[in-house]
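Please open the model in a viewer and keep the selection tool at hand.

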Amino acid sequence: MVAPLVVAGRALIWRRVRRVLMLFLPLVLVGGLAVALLMSLVGGAGQQQSPAGGGGCPGAVIDSGSVSKGIDGLTKEQAANARTIVAVGRDLKVPAYGWVVAVATAMQESNLVNVPYGDRDSVGLFQQRTGWGSAADRMDPATSARMFYTGGGQGQPGLLDIAGFDRMSVTDAAQAVQRSAFPGAYAKWQSLAMQVVGDPTVLSAGCYANAAFLNDGSAGGKAVTAAMAEIGVPYSWGGGTVRGPSGGFGVGAGVVGFDCSSLVQYAWHQAGVELPRLASAQAAAVQRLPSDPKAWRPGDLVFLHTPGDPPDYFHHVAMYDGQGGIVHAPRPGLTVEVVHDFMTVDYYKRELAFVGRVSGPTAGAQAVAGHG
């Protein structure tokens, strides 16, 4: 679900946007302009879209099952294209503000729909002309997004070639790449682009370079795929079962979702392996691995522990995604998400206790409900 944002200046966008955008207080979209823009985006739905693939996003996998989910105000196709734009931007290490610029540009150029037509020879999400690349490249969402960021085949500058783009307005940064006959057209999409980029399923998007695990038939790959399909589902203390999201209790009362350990239990159940319900019990049921991330595989479990915790108590569990990130249900008020490069985050480095490997088909399973 899109969480509309309190807009307090562009500086908020390029200052840790990946986390900040999800923490701003929700508000209702105000005024007829926002409604009209949303309607015009939806009005662009239903056009032809080429299959994902190509060299734009290594592995051509964006965010597993959640790529099929919609976002309020957008079709599933438009939401998937927004995720692709962000995933490619993250892969290229584009500052988060650049993701907003790119999404706003695609909103203006194509309504976030991968159209096979346009002005003269322009096609695709960004309406790139023949000089940018082949028709196949321009019609591939990931490859066209990569060209928007890095430039075209005949020396056209990409966003990363624009010095100081992160200090420009969205419309000026977009125009520096697109060189449109309507240079002020991008400004009206800035607020909505921020909202879309702030959606948890968009922020979690990433390119998976060794994405074979998603289709290799391994239990870990199946578990990661199942967990990623729940991105955007609310955190619910005590909520979640092997059948899916459910209402919690205590601070989770009235919220349908997962807590950290129920998400893990659910995901591994989909892979044919039964785990205990609580994080500490899960920790006792897995094989502890070396601390070197090179030894970790998709589906391994990441356990957190603070110095004040009892030795056998773990206050949080997450699932390793095989790409340096974790998929988890973080805490009340947030949703299931991916934290990319989690070992670069001080909190996780400080509280990481160990990483463990699940073996099946059962691992001391129990059906006790409660917080992860």
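Begin with Asn111, in the loop between helix H5 (96-110) and helix H6 (135-138); helices (H or I, at least four residues) and strands (E, at least two) are DSSP runs, numbered from the N terminus. Asn111 has a positive phi of about 60° although it is not a glycine. This is a predicted model, in which local features need pLDDT of at least 70 and side-chain atom pairs pLDDT 80 or more, while totals for chains, interfaces and linings use all residues. Residues are numbered from 1 along each chain as its sequence is written, and side-chain values use heavy atoms, leaving out hydrogens and water.

Next, select Gln127, which lies in the loop between H5 and H6 and has a positive phi of about 50° without being a glycine.

Now display Phe126 and Phe148, a stacked aromatic pair at 4.8 Å centre to centre with 15° between the planes. Rings of Phe, Tyr and Trp (its six-membered ring) pair if their centres lie within 6.5 Å; planes under 30 degrees apart count as stacked, over 60 as edge-to-face and the rest as tilted. Phe126 lies in the loop between H5 and H6 and Phe148 in helix H7 (residues 141-150), so the pair ties together parts 22 residues apart in sequence.

Move on to Phe314 and Phe354, an edge-to-face pair at 5.5 Å centre to centre with 80° between the planes. Phe314 is in the loop between E4 and strand E5 (316-320), and Phe354 is in strand E8, 40 residues apart.

Finally, select Trp296, Tyr320, Phe342, Tyr347 and Tyr348, which form one aromatic cluster.
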